[in-house]
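Q: Could you walk me through this one? I'd like to start with the sheet and then get to the ligands.
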Amino acid sequence: MRRIIIGIGGVTNGGKTTLTKRLIATLPNSCVVHQDDFFKPPDQIEVGEDGFKQWDVITSLDMEAMVNTVTAWVENPVKFARSHGKSRSASSNSDVQILILEGFLLYNNKLLASMCTERYYLTIPYDECKRRRSGRNYTVPDPPGLFDGHVWPMYLKHRHEMKQSGVSIVSIDGLLSKDEIYSKVYTDIVNRFLNSS
Ligand SMILES: Nc1ncnc2c1ncn2[C@@H]1O[C@H](COP(=O)(O)OP(=O)(O)OP(=O)(O)O)[C@@H](O)[C@H]1O
Ligand SMILES: NC(=O)c1ccc[n+]([C@@H]2O[C@H](CO)[C@@H](O)[C@H]2O)c1
C-alpha cells in the first residue's frame, strides 16, 4: 500500500481550508489532519510583551500530539480512516492512501515537514490577508491590532525561517480563484503521485 502525505501550508486566510475540503472530497482514500485542532487551550497561550496572546507561534500548538496523529495514520491508514470518519472522501480500490495536512505552521516543524511527500504553500499579499482576516471569527476573536501587531509579523518571521531551513515547497498564488487553485493542485497530485500506480 502506497502512502502519500500532502501538506497544504501557508499564510492565514490564504485559502488552505477551502482547498483542502475540495481535495478531500475528490481524492481517493483521503483523510485530513488540521493543525488548528492542536491549539492549546487559551489559558496556556503566553501573553507577549506587546500584550497580545501569542497564538501565531509554534509553541501555541501541541505539535507532539499532531505528529502522533500523523504517525497513527502512517501505521494504519485504513484504521485511521475508519476511526476518524471521512464522510466526504471518495473511496476507491486503489492501493494509494492519502493524508492531507492543513495548517499555517506545517513546515516550521522539521519532523512534520520531512513526513510530507509534497509541500504546497499558499500566499497572499498583506492587504488581501488583512481584508480576509477581518471577516473571520476564530474560537477566540482577534482583539483590535492583533493582525498588525502579531499575526502578520509572525507570518513574515516563520516564512523567513522556513526559507532559511532549505525545505522545498511548491508555492501557490492564493489570489487565483478557488477553482484555479483547486485544479492546479489536484492535477499536480494526480499527475505526479496517482497516475504512475
Ligand atoms: N481563492 C480565493 N479567492 C478569494 N477568497 C478566498 C479564496 N480562497 C479562500 N477564500 C476566502 O478566504 C477566507 C479564508 O479562507 P480559508 O478558511 O480557506 O483560509 P485558511 O488559509 O484556511 O485560513 P486560516 O488558516 O486562518 O484558518 C474565506 O472567507 C474564504 O472563502
Ligand atoms: N482555532 C483556534 O483556537 C484559534 C484561536 C485563536 C486564533 N487562531 C488563529 O488561527 C490562525 C491559524 O489558522 C492563526 O493565525 C491564529 O491567530 C485560532
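A: Before the sheet, one term: two strands count as paired if DSSP finds at least two bridges between them. Please also keep in mind that this is a predicted model.

Q: What order do the strands of the open sheet have?
A: The open sheet has 5 strands in the order 2-3-1-4-5, and their pairing is parallel. Its edge strands, each pairing on one side only, are strand 2 (30-34) and strand 5 (170-173), and from one strand to the next the twist averages 20°.

Q: Which strands does helix 2 lie across?
A: Helix 2, residues 63-75, lies across strand 1, strand 2 and strand 3, and it runs at about 170° to strand 2. Helix 7 packs on the sheet as well, where it touches strand 1, strand 3, strand 4 (118-123) and strand 5, and its direction makes about 155° with that of strand 5.

Q: Staying with helix 7, at what angle do its axis and that of helix 1 cross?
A: The axes of helix 1 (residues 16-26) and helix 7 (residues 178-194) cross at roughly 50° and come within 10 Å. The two helices are therefore oblique to each other, and their crossing is right-handed.

Q: Which residues meet there?
A: From helix 1, T18, L19, R22, L23 and T26 meet K178, I181, Y182, V185 and Y186 of helix 7. By class, the residues of this contact divide into 6 nonpolar, 2 polar and 2 charged.

Q: Switching to the ligands, which residues come nearest to ligand 1?
A: There are 15 residues around ligand 1, and those that come nearest are T12, G15, K16, T17 and T18. The elements giving two or more residues to this shell are helix 1 and helix 7, with the largest share, 3 residues, coming from helix 1.

Q: How does that shell divide into nonpolar, polar and charged?
A: The shell around ligand 1 has 3 nonpolar, 9 polar and 3 charged residues.

Q: And what residues are around ligand 2?
A: Around ligand 2 are T12, D36, F39, W55, D56, F104, Y138, T139, V140 and V151. The shell of ligand 2 divides into 6 nonpolar, 2 polar and 2 charged residues.

Note on methods
Residues numbered from 1 in each chain as written. Chains lettered and ligands numbered in written order. Predicted model: local features only at pLDDT ≥ 70, side-chain atom pairs only at ≥ 80, totals over all residues. Axes fitted to C-alpha atoms, helices over the stretch in contact; angles between N-to-C directions. Helix = DSSP H or I, 4+ residues; strand = E, 2+ residues; numbered from the N terminus. Parallel < 35°, antiparallel > 145°, perpendicular 65-115°, else oblique. Left-handed = near helix turned anticlockwise from the far one by under 90°. Contact = placed C-beta atoms within 7 Å. Nonpolar A, V, L, I, M, F, W, Y, C, P; charged D, E, K, R; others polar. Near = placed C-beta within 6 Å.
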